[in-house]
Amino acid sequence: FVAFQYKDGQWRETVVSPRVGQPFVSPDGKTMHLGRRYMERTEAGWSDVKLLEPPFNDILIMRLTASANGAYYFDTYDETNEEFPIRYSRLVDGKYEEPKALSKEINTGTYLNHPFIAPDESYLIWDAKREGGFGDSDIYISFRQEDGSWGAAQNLGEEINTDAWEAAASVTPDGKYLFFS
């Protein structure tokens, strides 16, 4: 995991640590999540890498994203199984509840990975291999319904998805740009 910072008119590279998960900065900008690890913003930059406490420290997580109220949405990884679900855990009375799998609207298909939750939890973006997709893996979105459930998954279409592997989408904090690989 490498960070680049523009300082004194040039780009400087810092090796943060060996691969530790896809980075996601919390909506308040104070925490950088790295799978089941994280770093906290300090006056001098970022803290050392820390491990999340139970129930997350024993779960293999590639990407964990957080909403503004602290709820975690994350993928789980098991190299022996293609059907690992996307899960969530809410912060209740200062502690995280046991993670729960999201509904079938989200957890249908295989290679369910790289969730991105909107800060207000109004939508969730993720990638998966699903029947009727454009290629190997496509990017999908689901919107929160008035009753709190998740709406049907919507493929982001041929403007985003191709016959290749699209994955790891995220939206910039201002909501203007979608980045993906």
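Arg90 is partly exposed, at 27% relative accessible area. Here buried means under 20% relative accessible area, exposed over 50%, and partly exposed in between, with a 1.4 Å probe and protein chains only. The structure is a predicted model, in which local features need pLDDT of at least 70, side-chain atom pairs count only at pLDDT 80 or more, and totals for chains, interfaces and linings use all residues. Residues are numbered from 1 along each chain as its sequence is written, and side-chain values use heavy atoms, with hydrogens and water left out.

Arg90 forms a salt bridge with Glu121, with 2.9 Å between the closest N and O atoms. The pair joins distant parts of the chain, 31 residues apart. Glu121 sits in the loop between β14 (110–117) and β15 (123–129). Arg90 sits in the loop between β10 (86–89) and β11 (91–92). Strands (E, at least two residues) and helices (H or I, at least four) are DSSP runs, numbered from the N terminus. Glu121 is buried, with a relative accessible area of 7%. A network of salt bridges links Arg90, Glu121 and Arg144.

A salt bridge requires a side-chain nitrogen of Lys or Arg within 4 Å of a carboxyl oxygen of Asp or Glu. Six salt bridges are counted by this rule. Side chains of opposite charge can pair when their charged atoms come close. Lys100 is partly exposed at 39%. Another salt bridge joins Arg12 to Asp8, at 3.6 Å from N to O. Arg12 is partly exposed, with 36% relative accessibility. Asp8 is exposed, at 68%.

Asp8 also belongs to the hairpin of β1 and β2. Two residues lie between the strands of this hairpin, and Asp8 takes a positive phi near 55°. β1 and β2 pair in the antiparallel sense over six bridges; pairing requires that DSSP find at least two bridges between two strands. Tyr6 has Trp11 in β2 as its bridge partner. β2 is hardly covered: among its six residues, the count of buried residues is zero. Val15 lies in strand β2. Val15 is exposed, with a relative accessible area of 59%.

Val15 contributes to a nonpolar surface patch of about 600 Å², together with Val2, Phe4, Tyr6 and Trp11. Patches are made of residues with over 30% relative accessible area and no salt bridge; like charges are joined within 9 Å, and nonpolar side chains (Val, Leu, Ile, Met, Phe, Trp, Tyr) within 5 Å. Accessible areas come from the Shrake-Rupley method with a 1.4 Å probe; for residues, only the protein chains shown count as cover. β1 (2–7) and β2 (10–15) each supply at least two residues of the nonpolar patch. β1 gives the largest share, three residues. In a regular strand the side chains alternate between the two faces of the sheet.

An open sheet is formed by four strands in the order β14-β15-β16-β17, with antiparallel pairing. β14 and β17 (154–155) stand at the edges, each with a single partner strand, so one side of each has no neighbour in the sheet. Four bridges join β14 to β15 in the antiparallel sense. Ile117 stands opposite Leu124 in β15.

Ser26 lies in the loop between β3 (23–25) and β4 (31–34). Ser26 is buried, at 9% relative accessibility. Beyond its neighbours within four places in sequence, Ser26 is in contact with Thr31 and His33. Contact means heavy atoms within 4.5 Å.
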